Amino acid sequence: MRLIAPNSLRLRLLAATVVTLALALAGAQVWLAGLFRDEVLRQLDTALVRQVDQLSARLDLDTAGQPRIDPAGLSDPRWDQPYSGLYWQIDRLGADGSRLPGVLRARSLWDTQLVLPADTLADGALHWHEAAGPQGQVLRVVERALVLPEQPHTRWRLMVAADLGETQGATKRFSGVLAASLAGLGLLLALAALAQVAVGLAPLKALQRALETLRDGRSSRLEGRFPAELQPLVQDFNGVLERHDAVLARARTQAGNLAHALKTPLAVLGNAAAAAPPGPLAQAVTEQVQAANRQVHWHLARARAAAALGQPGQRTRVAPVAAGLLRVMGRVHAGRGLVVEAKDLAPDLAFAGEEQDLQEMLGNLLDNACRNARFSVTVQARRRDRHLLIDIDDDGPGIAPAQREAVLQRGVRLDESTPGSGLGLAIVVELAQLYGGTLALDANPAGGLRASLRLPAVPDPSS
Amino acid sequence: MRILLVEDDATLRAQLRTALVEAAYVVDEADNGRDAHFLGDTEPFDAVVLDLGLPQLDGLSVLRRWRDAGRTLPVLILTARDAWNEKVAGIDAGADDYLTKPFHMEELLARVRALIRRASGQASPVLRCGAVTLDTRSGRVTVDGQPVTLTSHEYKVLDYLMHRPGTVVSRTELTEHIYAQDHDRDSNTIEVFVGRLRKKLPGELIETVRGLGYRLVAPPCG
């Protein structure tokens, strides 16, 4: 699984779930541990009350009027074991307010005494304390005051104490086990939440992949079925793409119509000027018609190209475009007897851009090569990384290195005797640059010119 | 040679017509797709200059219909539509050449000449047959290097025959290729032109094949 990106839906959902889970489990821990502690304490209290009841029942006076406890009545071995954690003690409270602590004590107290605050309640009422015991023990103490009928003026304070350490130990052990169990549960729930988020967000992943294939030009629309929450978004997005296509097609048609509307009158004017007797007027018309032609040609080419930019999902296979253009070259330059061919053109090689733009670039370069070639023109293409490299070679005179830069400029023509607007290469440069590509002119190994076009390629879907 | 000129702009059509007639072509015109299709379907043209943006039926449809019907006449598309995809579409519809407006008239004439030459299997713009040469670019005819002056009709007959050396050409066929459709045709005048040509050229060059027509006989021709 991929690492969770910051500021992602996945992180938000997971964080919310984990925080809620942690709070709920911590609450459960506190609540359950509290319940357990209370229950253990209640059981301890019940046992202590039973002991104090037993002690009360066993207390009587001997003939000398001294209190005594029938030892046979107290069977718990812990009474006799020193510091065992279970203790009893009887204090005498005189009618005059005098206190005589520890008149009778369990053997387990050994040489110590229980010391309680002097807050004895009414006779028979039970009273709880927490007090310090021998050896640093914390004791839970139950006390009860009572009066024996033989000595109506003397109150006896009976107390039974147990070490709280045992119950605290039990509580601590329970809390430990509980915490471990809840942590395990928390881990399971967190894993479940992770799975839930993964399943719930899977359609977004699919959408992301669909967008990637669109951006790479491997599809022209968002494809696939999406949940009800996403489907409207997908449909709207595809709608925008379709409208964009329609607007582009209309803009191109209008550019074509404008071309038709302007070029025929320009052709008429140019022909009329050429047929007229030579003079300043005919010359001016000829020049201005040529200038107007170049403007129309240049701006129409730009309008056609600029319209397609930024549209995602563009993919144009090179081989069919080249094949179509080679058919045109074969006819248009038929009289020259050239061999015009494609070499090593892989059928899956694709340009990440618009078909007409590729046609415009390749067409202009091939046309240029055919005008200058002696016997042959070849086009070859390959992919290197994310780039498409197209070489168009001719075996013509080539262009001197010093002049290569110049011919890429608008309207520069080396040979004024052949027809042409002088814009072909400039249009190719412009188009290539719009796609982030380049056009370079060089000498080819066989002599003649090599025009090398570098354009963005559609990535191989397998890579 | 007889050309079908299809162009809806009247001024440009007139200019083209003038230039083609000056170059010794016989020109029939159409200003819409339907007429163009009908003419190309029924008359024997040696080449067609075809605009694409036409009323009633667009040029590409006209061309496709001819090709679908098996008509192989050479077609030069002359259009303002200069996008390469339009050129590919034009060539794939069956055009033999594609020229975009605006154009130089000389370029158009050169391409029409080349089209006709290729259709009849001739490689060079200068046709030779024995001692006779005919330069299709300049319209000059020579015998043993000496220029010969021909009338327009004589030139048209010789031009047609020299594009088809060794082939029997009937009088009707010659008539169809040296007169436009609306011209008052009389196949007897062909005999007159052939007779005059025989006087100006070596006598044995044009042979009469009785009952069939004429044939250029002096090999090697080409």
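Predicted model: local features only at pLDDT ≥ 70, side-chain atom pairs only at ≥ 80, totals over all residues.
Residues are numbered from 1 along each chain as its sequence is written, and chains are lettered from A, with ligands numbered from 1, in the order in which they are written.

**View 1. Overall composition of chains A and B.** Chain A contains 8 helices and 14 strands, and chain B contains 8 helices and 11 strands; helices (H or I, at least four residues) and strands (E, at least two) are DSSP runs numbered from the N terminus. Of the 463 residues of chain A, 26% are buried, and of the 222 residues of chain B, 45% are buried. A residue is buried if 20 or more other C-beta atoms, placed from the backbone, lie within 10 Å of its own, exposed if 12 or fewer do, and partly exposed in between. Among contacts in chain A between residues at least 6 apart in sequence, 62% join residues at least 24 apart; a contact requires C-beta atoms, placed from the backbone, within 7 Å. In chain B, residues 24 or more positions apart account for 59% of the contacts with a separation of 6 or more.

**View 2. Open sheet of 5 strands in chain A.** The strand order is S9-S11-S12-S14-S13, with mixed pairing; two strands pair if DSSP finds at least two bridges between them. Strands S9 (339-343) and S13 (438-443) of chain A form the edges, each pairing on one side only. From one strand to the next, the twist averages 15°. Strand S13(A) runs antiparallel to strand S14 (residues 449-456) of chain A, and 6 bridges join them. A:Leu441 has A:Ala451 in S14(A) as its bridge partner.

**View 3. Helices H6 and H8 of chain A against the sheet.** Helix H6 (residues 355-372) of chain A packs on the sheet, touching S9, S11 (376-384), S12 (387-394) and S14 of chain A, and its direction makes about 20° with that of S12(A). Axes are lines fitted to C-alpha atoms, for helices over the stretch in contact, and angles run from 0 to 180 degrees between N-to-C directions. Helix H8 (residues 424-434) of chain A lies across S13 and S14 of chain A, at about 130° to S13(A).

**View 4. Helix H1 of chain A.** H1(A) (residues 9-58) comprises 50 residues and reaches 73 Å from its first C-alpha to its last, close to the 74 Å expected at 1.5 Å a residue; the expected span is 1.5 Å times one less than the number of residues. A:Leu48, A:Gln51, A:Val52 and A:Leu55 are buried in H1(A). The buried residues of this helix pack against strands S1 (59-61), S3 (86-93), S6 (138-147) and S7 (155-163) of chain A.

**View 5. Helix H3 of chain B.** In H3(B) (residues 59-68), B:Gly59, B:Leu60, B:Val62, B:Leu63 and B:Trp66 are buried. Seen down the axis of H3(B), these residues fall within an arc of 160°, so they line one face of the helix; the arc is that of the directions from the helix axis to the C-beta atoms. Partners of the buried residues of H3(B) include strand S1 (2-6) and helix H2 (33-42) of chain B. B:Gly70, with a positive phi near 80°, follows H3(B).

Methods:
Contact = placed C-beta atoms within 7 Å.
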